[in-house]
Amino acid sequence: MSFILAFAGSNSSASINFELVKYTCSLIGTEEVRLMNMSNCPFPMYSMDYEKEHGYSNALNEFKRDIQFSKGVIISVNEHNSYPSAYFKNLLDWLSRLDRDFIWDKKVLLMATSPGKRGGIGALEVSSALLKRFGAHIVGTFSLPQFKENFDAYKGIVDADLAQAHQNLLKDFLKVID
């Protein structure tokens, strides 16, 4: 367990949550980070029939292994109508069918961002509850509202208070996983 696994709960090639995760990873200087772009990881919609006929993909097994061998996980969930995206829920469905304890006792830094003023709070709350159900230890949560106004591709989080809150959360997460 010598690396941090980081990904967004989105399969969009233009995911702002992936941008937030990528930025967060850029602030980690002392740890190995494995940043996964989930737009490269398609998973079929879960169904018992599909599982029975096809089983579990190598990609799913490898992803579960990466979660379990990591020392901590950073996730930024996207929001669709105040809930996590179907993609993220589907990913959790597959992982929990493969191994109900896929994230048991894993330290998680959970984030969300959106273009709106709520910053993905609905998805953040639901995702936190789901991950806890599977045994994750949520170290902290962070919401970045109004992504276009509060984030710059070169500067990162531009609002000073939000930037400080983000840095404090990341610092706490890094302490907990050591």
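A polar contact is a pair of N or O atoms within 3.5 Å; within protein, one must be able to donate a hydrogen and the other to accept it, and residues adjacent in sequence count only if both atoms are side-chain atoms. This is a predicted model, where local features need pLDDT of at least 70, side-chain atom pairs count only at pLDDT 80 or more, and totals for chains, interfaces and linings use all residues. Residues are numbered from 1 along each chain as its sequence is written, and side-chain values use heavy atoms, without hydrogens and water.

**Exercise 1. Which backbone nitrogen does a side-chain oxygen of D159 reach at the start of α7?**

Solution. Helices are DSSP runs (H or I, at least four residues), numbered from the N terminus. Go to the start of α7. There, an oxygen of the D159 side chain comes to within 3.1 Å of the backbone nitrogen of D161.

**Exercise 2. Check the span of α7 (residues 160-177).**

Solution. The expected span is 1.5 Å times one less than the number of residues. For the 18 residues of α7, that gives 26 Å. The end C-alpha atoms are 26 Å apart, which agrees.

**Exercise 3. Sort residues of α7 into buried and exposed.**

Solution. Buried means under 20% relative accessible area, exposed over 50% (1.4 Å probe, protein chains only). The buried residues are L162, A163, H166, L169, L170, F173, L174 and I177.

Conventions. Helix = DSSP H or I, 4+ residues; strand = E, 2+ residues; numbered from the N terminus.
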